[in-house]
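Biologist: I would like to learn how to read a few features from coordinates. Can we take them one at a time?

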Amino acid sequence: MPALSIALPKGRVLESAVELLERAGVGPLDGLLHSRRLIWDLPAGAGGTPGYVFRFVLAKPWDVPTYVEYGAAVLGLAGKDVLVEREKPVAELMDLGVGRCRMVLAVPAGSPVRSLEDIHFPWRVATKYPHVATRFCQRWGVQAEIINLQGSIEVAPLVGLADAIVDITETGTTLRENGLRVIAEVLPVSTRLIANPVLHKVHREAVEQLSAQLRQVVQVVDPNAGHAAGGITTWSRGEADAGHSVGGTGGAAGTGDSSPGAAGHLAGVGRER
Amino acid sequence: MEQGHGQDQDKQARTGSEPSAGGWPGRRIGSEPDTGPGYESDPGRGDELGRRAGSELGKGVADIERMGEVDIYEWPYTRVQTPRGMRDLLPDQVKRRRALEAALREVFAEAGYQEVETPLLEYADVVAAGNLRADEASGATTGSFDVYRLFDPERESLVLRPDMTTPIARLAATRLARWPRPLRLYYLADVFRFEEVHAGRLRQFRQAGVERIGEEADARTGGAAESRRDAADAEIVALAVRLLTAAGLQRFRIDIGHVGLVHALLDAGGWQPRHRRALRQALMERNQVALQAVLAEAGTENVSAAQQAARWQLVELPQWCASAEIPAPAERALSALRLPAVDRALQELHTLLQCVAAAKVPLERVGIDLGLVRDLNYYTGPVLEGFSPDLALPLLTGGRYDHLVEQFAPRPEPATGFAVGLDRLELALDRQANSR
């Protein structure tokens, strides 16, 4: 029996992702949350397309696009933050509306910096998202050094490692507790359903069936609502800049033109001959 | 942390559980030196290799033990790896490749195509002329890759050819200008692109492909040219199917799309330039989230009903995918727009499918994918993409490019063609063999 493999991100988003899948009629999946097994097979008939086994693969959130790119999973659930940082040639099918948060640039509360224009070299920005942070700084002409850290980003300004951070925040609590103040929104983030473009076609029926089921339960959210600033929320590769907006300045700031060199790596995806 | 990792490995070795979990299966290390192009350049991996060699895998395997003792930063010999994205072929691999190439040559020759060779290096101007990818609105390029550039001692700027279509267009416009049309040419050639190396992408890779350039003289007068062009596209599709079949691939499909549809819908939607750019990018990436977001962001103010209808159809395009026919609901919705350019593209696809069927191509080998958007500046009509369920990457790509030859000569000529990546084709054949 053919299997439709779906890479799920372990950690923060897993619970809401599983809950969403169950509401869409795929499941039961509660065992998946409380077990240490990394591969879960859901027999045919438990939601999804008849005749298909759903195989869930639990991966590190950062690795989900890689699994999908290589075809180790047909589908995946990945955060937009990871997708823009990793720039993998995978197809985004749906905004699942879970795992919502914002990627922001923040500085210590006591800092004299009020806006991006106040940032000068030799400023240092610590982040888990060096690629996104670099492009953000280029887009707004911020001259700063990007420091790539693996975690505990909030600590960097406290110990003098960096003057600012680019990181994701759900409620802002962690930032506040660490004495940080948001000065710009980099990117609104949510979990996306992604697919390997070729395998999507191979398993088209099953994928469409699952997408339709998910569409029934995904909350329709105005992409411009619920965030500090407006602007297109499509931070697709190559049009990276379209989605940027500086917090507090309203939607108008997000209308920037594409900067040269933002063409991204879509290399060869467009034309491979 | 590094230390802890090592202990973990040791524990695994002692308990004997899952010997190959979480990393490289041990057997690969000695037997397939080319599976890991860069253990020297990746210290983390090298360390792991060394530690494993000492603990769980090393017993009785001489080369592994030796590698475990070598400090990778003090490699005593000359640099031994090939440049990133480039590979050696060992005798068995060469033998196999030549056999595959012989099979492909036979198919090309049978279809009346003749082989050409062109230099590895072209003047940078020639490659640039073939690069039609400059975005008309912003000047930025989309879907581009970097090329290898070099200067010869006379300061001429040269480029290692990134594809064969441009050199062949140059040939067609110059040295083969007086040859009877259509020109039917094929090649088996290495091309070079400076791309990120991942998921099977190489920087030097071999392509087999065809170009069918120009039409017979009388075809340029009036309506006959259209149908001849459709026939040419069908010839190319049929040839692609025959080629992959001859290569021994059992499960594959050639999907057909039409960039004319995308252009027509983009034009009819009354988009702002920045939305247009975002849409083109999103279509190429098949990013449906981005398409919807641009649609929402563009709003409905000052948008006519006709424009709005075209907008909806544009963002729906990636959904229309079916085997061997245009999905009926798509056809209805698109026809209802009453856009001549859309109707023309649909008509071309219909004729193309009829011609393909007439050429006795098995129907299950052909699919329609209206969301298939390859480079929008380069292609001008039907585009194709061949894929196999055994490979998560496209195998074969191509389409109609009517504006390339005129970059080299004042005389425009219709042209169509495709290329197959041989490294990928071999990978798909390997997977097919292993899955049995």
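Biologist: What should the 19 residues of helix H14 (residues 340–358) of chain B span at 1.5 Å a residue?

Modeller: First, the ground rules. This is a predicted model, in which local features need pLDDT of at least 70, side-chain atom pairs count only at pLDDT 80 or more, and totals for chains, interfaces and linings use all residues. Residues are numbered from 1 along each chain as its sequence is written, chains are lettered from A and ligands numbered from 1 in the order in which they are written, and side-chain values use heavy atoms, with hydrogens and water left out. Helices (H or I, at least four residues) and strands (E, at least two) are DSSP runs, numbered from the N terminus. The expected span of a helix is 1.5 Å times one less than its number of residues. For H14(B) that gives 27 Å, and the end C-alpha atoms are 27 Å apart, which agrees. Lys360(B), with a positive phi near 60 degrees, follows H14(B).

Biologist: Why do the buried residues of H1(A) line one face of the helix?

Modeller: Buried means under 20% relative accessible area, exposed over 50%, and partly exposed in between (1.4 Å probe, protein chains only). In helix H1 (residues 14–23) of chain A, the buried residues are Leu14(A), Ala17(A), Val18(A), Leu20(A) and Leu21(A). Seen down the axis of H1(A), they fall within an arc of 160 degrees, so they line one face; the arc is that of the directions from the helix axis to the C-beta atoms. Their cover includes strand S1 (3–9) and helix H9 (204–217) of chain A.

Biologist: Which residues touch the most other members of the largest nonpolar core?

Modeller: In soluble globular proteins, nonpolar side chains tend to be buried together. A nonpolar core is a set of buried Ala, Val, Leu, Ile, Met, Phe, Trp, Tyr and Cys residues joined through side-chain atoms within 4.5 Å. The largest has 100 residues, and those touching the most other members are Phe108(B), Leu244(B), Leu314(B), Leu370(B), Leu396(B), Phe418(B) and Leu425(B). Helix H8 (residues 224–246) of chain B gives the largest share, nine residues. Another core, of 36 residues, lies apart from it and includes Leu8(A) and Ala91(A).

Biologist: In what order do the three strands of the open sheet in chain B lie?

Modeller: Two strands pair if DSSP finds at least two bridges between them. The order is S2-S4-S3 (chain B), with antiparallel pairing. S2 (121–123) and S3 (149–151) of chain B each have a single partner strand, so one side of each lacks a neighbour in the sheet. S3(B) and S4(B), residues 157–160, pair over three bridges, with Leu150(B) opposite Leu158(B).

Methods: Contact means heavy atoms within 4.5 Å.
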